[in-house]
Amino acid sequence: MVSAFDRHLDAFRGYQATPWGRLRYEQVAANLARHLPDRPSLAVLDVGGGNGLDAVRLAALGHRVTIVDMSRASLDEAMTLAAAHGCADSIETRCADIADLTAVAACDSYDVVMAHNVISPDSECLMRLVTDIT
């Protein structure tokens, strides 16, 4: 099944390339860097990580990143991007809806959970899901 996110990947990629899109990703990286422990090899769960712009940056810093996203096309693009940056071995992808987050990530342990650009009709539900897997 092709998700709405798959159908709109080109438009999202276009947004990411705009000055505002690039600035937003730079701002997220700067804010996250201020809060990450100063040690490599953190286990990071990137919820709704899409095409991997945040994940690749974190993997390049030496962290292990698991991207959970419902768009197979985005996850495939994330792995292509990771390979181009030499960090594909540090990224794992799992294709799932956010509602299934505990089922696809519950058996793992994460130091950091991020949800940049996640659209959730119920942010309280998202917080419960994240709390269950951390």
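Helix α3 gives the most to the lining of the second largest pocket, with 4 residues. Helices (H or I, at least four residues) and strands (E, at least two) are DSSP runs, numbered from the N terminus. This is a predicted model, where local features need pLDDT of at least 70, side-chain atom pairs count only at pLDDT 80 or more, and totals for chains, interfaces and linings use all residues. Residues are numbered from 1 along each chain as its sequence is written, and side-chain values use heavy atoms, with hydrogens and water left out.

So what's a pocket here? On a 1 Å grid over the protein atoms alone, a pocket is an open set of points where a 1.4 Å probe fits, with protein on both sides within 12 Å along at least five of seven lines; lining residues have an atom within 4 Å of a point.

Back to that second largest pocket: among its lining residues are Gln 16, Tyr 25, Arg 57 and His 85. Two elements, α3 (19-35) and α4, each give two or more residues to this lining.

Now for the largest pocket, which has 24 lining residues, with Phe 5, Gly 48, Asp 69, Asn 117 and Val 118 nearest its centre. Here α2 (9-17), β1 (43-47), α4 (53-60) and β2 (64-69) each supply two or more residues, and α2 gives the most, with 3.

Here are the volumes (the space filled by probe spheres set on the points, which are joined across faces, edges and corners):

| Pocket | Volume |
|---|---|
| Largest | about 520 Å³ |
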